[in-house]
Amino acid sequence: MGLVLGIESSCDETAAALVTTERQVLAQRIASQDEAHAPYGGVVPEIAARAHAERLAPMIDVVLKEAGVALHELDAIAATAGPGLIGGVMVGLVSAKALAMAADVPLMAINHLEGHALSPRLADPALTFPYALLLVSGGHCQILRVDGVGEYRRFATTIDDALGEAFDKTAKILGLGYPGGPAVERLALQGDPDAVRLPRPLVGSGEPHFSFAGLKSAVLRAYETQQHSDADLAASFQQAAIDCVTDRLAIALDAMGPVSALVVAGGVAANKAVRGALETLARARDLRFSAPPPALCTDNAAMIAWAGCERLPTGQNDPLDIAARPRWPL
Ligand code: KG4
Ligand code: ZN
């Protein structure tokens, strides 16, 4: 059995987790910074980095003590090394380097997107490669075929905003605060998804890429007419976004060849309406559907530790001088 400490600090959650190769999460903590960033309607990098620096070390201490694990018992320390807000990534990665050096334990510099991409396998032991992955978060919006650990082929990306970003911007228009996705989802439950006519950018195009900037602008224009309730706007936006996602996924699935399952990961995967639509698409194509529990969809350290667990058998570690990367495509 392998045991990995995971550290996540690429955006506005500070997180640490201890995970075994047998899929046990022995201990984990997540500290959200929502309150610190809420007045600004988005994450302020300097505030985020400072908060990570204050919280991470005591959090790692708590996680190790709770599980009764000593540093030298670890098989690896895995930290997000990018992509993300560079100040925060550096706090996590440098902490991991220091611990790895002090305890003489291997370091793994994990791509945050790889963490999201492999997270469904932590919750779903029966999920096998290759699978089709919709990776939808605040900063990323991609369709990938996951062929194995370290083997990712991208079929689609967004030409402007990410899906989570579109949820956040819609929330801002409706005055729902940050982070917007959960608030839009809640409000949409009380609205009519057909009430407001909104565009479905790129739907019908032969390439499976995404575009959400036009949808967000249309929500703003509709809001400014003052003819619709906020709930109808939220529900109509969410439905338009889902229609885009299912149409784009259908094109990508046609292009990628046989896969074992349709999988969704990333913060927006916590959305029940999105999950429901994807499950329906999977069923229509005779594909298994897999989605991690919501707490594993939004940023967390268990997924980073798990990516480390997945990498353990490859023996691939990283040197102590590895750099943090603000941009790092999978
Ligand atoms: O994966 P994540 O925690 O951080 C990034 O790597 O970006 O994703 C955060 C994003 C935010 O845009 C947030 O609004 C969105 O995921 N999100 C949701 C929901 N929960 C989180 N979007 C729609 N519905 C949700 N329930
Ligand atoms: Zn993320």
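**Exercise 1. Find the contacts of D168, leaving out residues up to four places away in sequence.**

Step 1. Apply the contact rule: two C-beta atoms, placed from the backbone, lie within 7 Å.
Step 2. List the partners. D168 touches G138, Y178, P179, G180 and G181.
Step 3. Know the model. It is predicted: local features need pLDDT of at least 70, side-chain atom pairs count only at pLDDT 80 or more, and totals for chains, interfaces and linings use all residues. Residues are numbered from 1 along each chain as its sequence is written, while chains are lettered from A and ligands numbered from 1 in the order in which they are written.

**Exercise 2. Decide whether D168 and E185 are buried or exposed.**

Step 1. Recall the cut-offs: buried means 20 or more other C-beta atoms within 10 Å of the residue's own, exposed means 12 or fewer, and partly exposed lies in between.
Step 2. Place the residues. D168 sits in helix α5, and E185 in helix α6. Helices are DSSP runs (H or I, at least four residues), strands likewise (E, at least two), numbered from the N terminus.
Step 3. Count. D168 has 25 other C-beta atoms within 10 Å, so D168 is buried. E185 has 20, so E185 is buried.
Step 4. Beyond four places in sequence, they are Q238, N271, K272 and A273.

**Exercise 3. Describe how α5 is covered.**

Step 1. Count: 10 of the 11 residues of α5 are buried.
Step 2. Name some. Among them are L163, G164, F167 and D168.
Step 3. Find the packing partners of these buried residues: β6 (131–136), β7 (141–148), α6, α7 (213–224) and α8 (230–256).
Step 4. Look just past the helix. G175 takes a positive phi of about 70°.

**Exercise 4. Describe the shell around ligand 1.**

Step 1. Use the rule for near: a C-beta atom, placed from the backbone, within 6 Å of the molecule.
Step 2. Of the 20 residues around ligand 1, G138, G164, G181, G267 and N271 come nearest. The elements giving two or more residues to this shell are α5 (163–173) and α6 (180–188).
Step 3. Sort the shell: six nonpolar, 10 polar and four charged. Here Ala, Val, Leu, Ile, Met, Phe, Trp, Tyr, Cys and Pro count as nonpolar, Asp, Glu, Lys and Arg as charged, and the others, Gly among them, as polar.
Step 4. Check the record. An unreviewed UniProt entry lists "binding site" positions including G138, D168, G181, E185 and N271. Such annotations may be inferred rather than shown by experiment; their positions use the numbering given here, with feature names shortened.
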